[in-house]
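I opened this entry to note what I looked up, in the order in which I looked. The notes follow the display.

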Amino acid sequence: MSMIAAFYGGKSILITGATGFMGKVLMEKLLRTSPDLKVIYILVRPKAGQTLQQRVFQILNSKLFEKVKEVCPHVHEKIRAISADLNQNDLAISKEDMQELLSCTNIVFHCAATVRFDEALRHAVQLNVTATQQLLLMASQMPKLEAFIHISTAFSNCNLKHIDEVIYPCPVEPKKIIDSLEWLDDAIIDEITPKLIGDRPNTYTYTKALGEMVVQQESENINIAIIRPSIVGATWQEPFPGWVDNLNGPSGIIIAAGKGFLRAIRATPMAVADLVPVDTVVNLTLAVGWYTAVHRPKSTLVYHCTSGSLNPCNWGRMGLQVLASFEKIPFERAFRRPNADFTTNNFTTHYWNAISHRVPAIVYDFYLRLTGRKPRMTKLMNRLLRTVSMLEYFINRSWEWSTYNTEMLMSELTPEDQRVFNFDVRQLNWMEYIENYVLGVKKYLLKEDMAGIPEAKQHLKRLRNIHYLFNTVLFLIAWRLLIARSQIARNVWFFIVSFCYKFLSYFRASSTLKV
Ligand SMILES: CCCCCCCCCCCCCCCC(=O)SCCNC(=O)CCNC(=O)[C@H](O)C(C)(C)COP(=O)(O)OP(=O)(O)OC[C@H]1O[C@@H](n2cnc3c(N)ncnc32)[C@H](O)[C@@H]1OP(=O)(O)O
Ligand SMILES: NC(=O)C1=CN([C@@H]2O[C@H](COP(=O)(O)OP(=O)(O)OC[C@H]3O[C@@H](n4cnc5c(N)ncnc54)[C@H](OP(=O)(O)O)[C@@H]3O)[C@@H](O)[C@H]2O)C=CC1
């Protein structure tokens, strides 16, 4: 019997960010491995015209939860959705709900965050720092609380090259930032943002670092741990391989490349692609929850959930495997044939952006206009290139994360727990994982039918023929222009033509002789 699974039995668990990518997988694993848990409270806000109940209903009836229903048929009864908005200072939780949360919660998993890189500082601080502070305040009033697990990111200290499992201080105290944002207006905040974030690339990594400082400062009476995952990707094994439901991290890039929109990228092929599957992160999170509650470490432990030091894979290898997977699992109606030229040079980046991205988009929009349709490709391409430029920071550097705590925890688990809550990335076969990732993107993100693969392959063949034809025509035009202007080109041309003529005459003569 798994000790970790047994530990969560009968517990009341609070999850923030349960409607997000990681939160859903966390909820699924908890319900599947500990169906006898008492209740999972999830903080949810109404969104996109859906009520809380509709959102929860949709999640629990999705493919991700199919296996859970086999072991826990009354899964709906285990989930208690609580209306909350982490953008509000009091989290907008009703008095009754707050009372219930405070008196019943045993474990808190705090996953909610804004993961947008370009989030305005005010909003990023509200969600990633102030909301964390509010939750810690709540946690300090929970008499039955056994552990509070805070999900951060391995990139919260991406301004450093080597990162240990410790909380690093930021130059300005989080409390000072929170206070100043209350009275500064948006224009001034925009102006001081670059100075505050310093050598970090965006407000996301900066506010996640501030969030960790808040955790450290408010953790006096709370049993707390921090998890730092690197780039979180599709599921590796559980509940099935390749599940993914948003465009963040590599998923959006895989779509853009598979559909032939993105054909070149500024990336360092030898830089480590520090990806971790979402189910690995969730397994570590649940193991940390158990360890923190049962062993009650004296200080706040930080756990790195990264792959680079244990099982490294670089962007070059990953890019090639993604391309190889497109051969087997092509996406439907591709704009151009998938390709992934990696370049680190400024000039070639601009060249590829112009030739491979902008020009085809302009040509296609021209065609749409001619056929009476609304042009859209240039706009889409501009957005895509902006997105890619924001990811560039992460695909052109390598970091070293120490993993002592994570390895220590692994050694503390029983063999059964090591199997059920496996977070050993050394066992990950990258090639297999990436192929399943591409398959998952096709199935669960693009919602394309596998039966359409032969047609998608035919379409790619047609695109290849168009590509060859286009290149041949281009070459002939260029050559014709060159001949018109250069004597050397003309001489070379006459030499080739006369050589071909002689060869054909010889061939014809010898075949006549044989007859
Ligand atoms: C073959 C080679 C393989 C190599 C493979 C390399 C992978 C290289 C990954 C590095 C990854 C580091 C990751 C750090 C790890 C964390 O710790 S951070 C957690 C991850 N967070 C993120 O990835 C957030 C990144 N995204 C953002 O910040 C915002 O979406 C952006 C990029 C600022 C765009 O904002 P926006 O312009 O307001 O647009 P938004 O409304 O979000 O979306 C606009 C459109 O772009 C699309 N879109 C959004 N995100 C993406 C995306 N990532 N990609 C494509 N399209 C996207 C949307 O679907 C939307 O399309 P439409 O619905 O309009 O048709
Ligand atoms: N994805 C990644 O690559 C990585 C993620 N992380 C960390 O993991 C955690 C989870 O990330 P991930 O699941 O990918 O992120 P998602 O963007 O998928 O999910 C974010 C969650 O936070 C919730 N949330 C956002 N704003 C509010 C709000 N105002 N009130 C209530 N809830 C809100 C969202 O709810 P709603 O559905 O209503 O928007 C959603 O449930 C984050 O802390 C992130 O920093 C760390 C490293 C990498």
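I began with Phe421, which I found in the loop between helix H17 (415–420) and H18. This is a predicted model, and I kept that in mind throughout. Is Phe421 buried or exposed? Phe421 counts as buried, because its relative accessibility is 1%. I then listed what Phe421 touches, not counting residues up to four places away in sequence. The list holds Ser2, Ile4, Ala5, Lys29, Thr33, Asn283, Leu286 and Leu413. I also took the C-alpha distance from Phe421 to Ile222, which is 25 Å for a separation of 199 residues in sequence.

**Tyr437**

Next I went to Tyr437, which lies in helix H18 (residues 430–445). Tyr437 has 2% relative accessibility and therefore counts as buried, the cut-off being under 20%. Which residues is Tyr437 in contact with, leaving aside its neighbours within four places in sequence? I found Gly233, Ala234, Gly242, Val244, Pro250, Ser251, Ile254 and Leu275. Between Tyr437 and Arg200 I noted 237 residues in sequence and 29 Å in space, C-alpha to C-alpha.

**Annotated regions**

I checked the UniProt record, an unreviewed entry, for domains. The record gives "domain: Thioester reductase (TE)" at residues 15–284. In the model, residues 15–284 are 43% helix and 14% strand, with end C-alpha atoms 16 Å apart. The record also gives "domain: Fatty acyl-CoA reductase C-terminal" at residues 357–448. For residues 357–448 I noted 70% helix and 2% strand, with 25 Å between the end C-alpha atoms.

Where does the unreviewed UniProt entry place the annotation "transmembrane region"? The annotation covers residues 466–483 and 492–509. Residues 466–483 are 100% helix and 0% strand, and their end C-alpha atoms lie 26 Å apart. For residues 492–509 I read 100% helix and 0% strand, with the end C-alpha atoms 26 Å apart.

**H8 against H10**

I looked at one helix pair. The axes of H8 (residues 174–183) and H10 (residues 203–217) come within 9 Å and cross at roughly 120°. On the H8 side the contact is made by Pro174, Lys175 and Ile177. On the H10 side I listed Tyr206, Leu210, Met213, Val214 and Gln217. By class, the residues of this contact of H8 with H10 divide into 6 nonpolar, 1 polar and 1 charged.

**Cysteines**

How many disulfides does a search of the whole structure find? The search finds 0 disulfides. I took Cys158 as a case: the closest cysteine sulfur to its own is in Cys170, 11 Å away, which is too far for a bond. Cys158 is buried, with a relative accessible area of 3%. Cys500, at 38% relative accessibility, counts as partly exposed.

**Backbone geometry**

Most residues other than glycine have a negative phi, and most peptide bonds are trans.

The peptide bond from Glu238 to Pro239 is cis, with omega near -10°. I located Pro239 in the loop between strand E8 (231–233) and helix H11 (250–258).

Ala48 has a phi near 50°, a positive value in a residue other than glycine. I placed Ala48 in the loop between strand E2 (39–44) and helix H3 (52–60). Ala48 is exposed, with a relative accessible area of 77%.

Leu91 also has a positive phi, about 65°, although it is not a glycine. I found Leu91 in the loop between strand E3 (79–83) and helix H6 (95–104). At 1% relative accessibility, Leu91 counts as buried.

**Whole chain**

Last, I noted the overall values. The chain has 20 helices and 13 strands, and its C-alpha atoms fill a box of roughly 100 × 55 × 50 Å along the principal axes. Of its 515 residues, 52% count as buried. Among contacts between residues at least 6 apart in sequence, 83% join residues at least 24 apart. I read a mean pLDDT of 95 for the chain, with 99% of its residues at 70 or more. The model scores ipTM 0.90 and pTM 0.92.

Key
Residues numbered from 1 in each chain as written. Chains lettered and ligands numbered in written order. Predicted model: local features only at pLDDT ≥ 70, side-chain atom pairs only at ≥ 80, totals over all residues. Heavy atoms only, no water. Axes fitted to C-alpha atoms, helices over the stretch in contact; angles between N-to-C directions. Helix = DSSP H or I, 4+ residues; strand = E, 2+ residues; numbered from the N terminus. Contact = heavy atoms within 4.5 Å. Nonpolar A, V, L, I, M, F, W, Y, C, P; charged D, E, K, R; others polar. UniProt positions renumbered as here; feature names shortened; annotations may be inferred. Disulfide = S-S within 2.5 Å. Buried < 20%, exposed > 50% of the residue type's maximum accessible area, 1.4 Å probe, protein only. pLDDT = per-residue confidence, 0-100.
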